[in-house]
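Here is a short briefing on aromatic rings and their partners. Please keep the sequence and the model in view.

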Amino acid sequence: MATTRLDRAQVVDTALRLLNEVGLDGLTLRRIAKELNVQAPALYWHFKNKQELLDEMATAIYRRMHEEHPIVADTWQEQLAESSRRLRQTLLGLRDGAKVFSGSRFTDAGHAQSLDAHLRVFVEAGHPVGLAARASFIAFTYTLGFAIEEQAVHPMPGERAPGYDVAERAEFIGSEFPLAVEVGPDLFHDYGDRFEEGLRVIVAGLEATLLASPAPSSQASQPA
């Protein structure tokens, strides 16, 4: 009987599709092999373990995000905010997308081009590239953490996980702690608005601290 030769891209595409059906916990190499109609050992030729697969999935997610939605910004503030929005939107489009992305490493250097372009917006505004990287990391970790928490409540757009109903939470806590009850809507509703609120805080904080004032070009070019 003829056998189908698998390649890494085929396995990753299948894994990303299955992710939306079964979530990260249900995504196993055995489950993917069944979907591809092959034996599980066939996948180990490409991926030694699940983490290697997750690394490749994260790489594919990042690649597609930048190929399909390139960012064009005139200021570092716009660049930072838009890249954060784009990352959140992309991760929310995949069940457990933020968890897949978190802690994974890219498997090729394809991200370098978009990273270089991102950092260049800061450098052209007069900021040292190191500060640009640190500022971007702050926004990245905020976005990733926010998306993980958001997906705990809304695993996929239009879905709401059990246990996060504000009225049920209020009843569970009881009237003894009125302030804890009162903040329920602030914690578990309007994620889009709250994300934008956090972005504004981050940008304002960076404007006041790390990126408070561009380094003069004459000084920036001098050796330390």
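Rings of Phe, Tyr and Trp (its six-membered ring) pair if their centres lie within 6.5 Å; planes under 30 degrees apart count as stacked, over 60 as edge-to-face and the rest as tilted. By that rule, the structure holds 9 aromatic pairs. This is a predicted model: local features need pLDDT of at least 70, side-chain atom pairs count only at pLDDT 80 or more, and totals for chains, interfaces and linings use all residues. Residues are numbered from 1 along each chain as its sequence is written, and side-chain values use heavy atoms, without hydrogens and water.

**Aromatic pairs**
- Phe101 and Phe106 are edge-to-face, because their ring centres lie 6.1 Å apart and their planes meet at 70°.
- Phe101 is buried (under 20% relative accessible area; exposed is over 50%, partly exposed in between; 1.4 Å probe, protein chains only), at 7%.
- Phe106 is partly exposed, at 26%.
- Phe146 and Tyr191 are also edge-to-face, with centres 6.0 Å apart and planes at 80°.
- Phe146 is buried at 13%, and Tyr191 is buried at 8%.

**Cluster**
- Tyr62, Phe101, Phe106 and Phe140 make up one aromatic cluster.

**Charges over rings**
- A charge sits over a ring if NZ of Lys or CZ of Arg is within 6 Å of the ring centre and within 35 degrees of the ring normal.
- Arg88 places its charged end over the ring of Phe195, 5.1 Å from the centre.
- Arg194 lies over the face of Tyr191, 4.6 Å from the ring centre.

**Confidence**
- The chain averages a pLDDT (the predictor's confidence in each residue, from 0 to 100) of 91, and 94% of the residues score at least 70.
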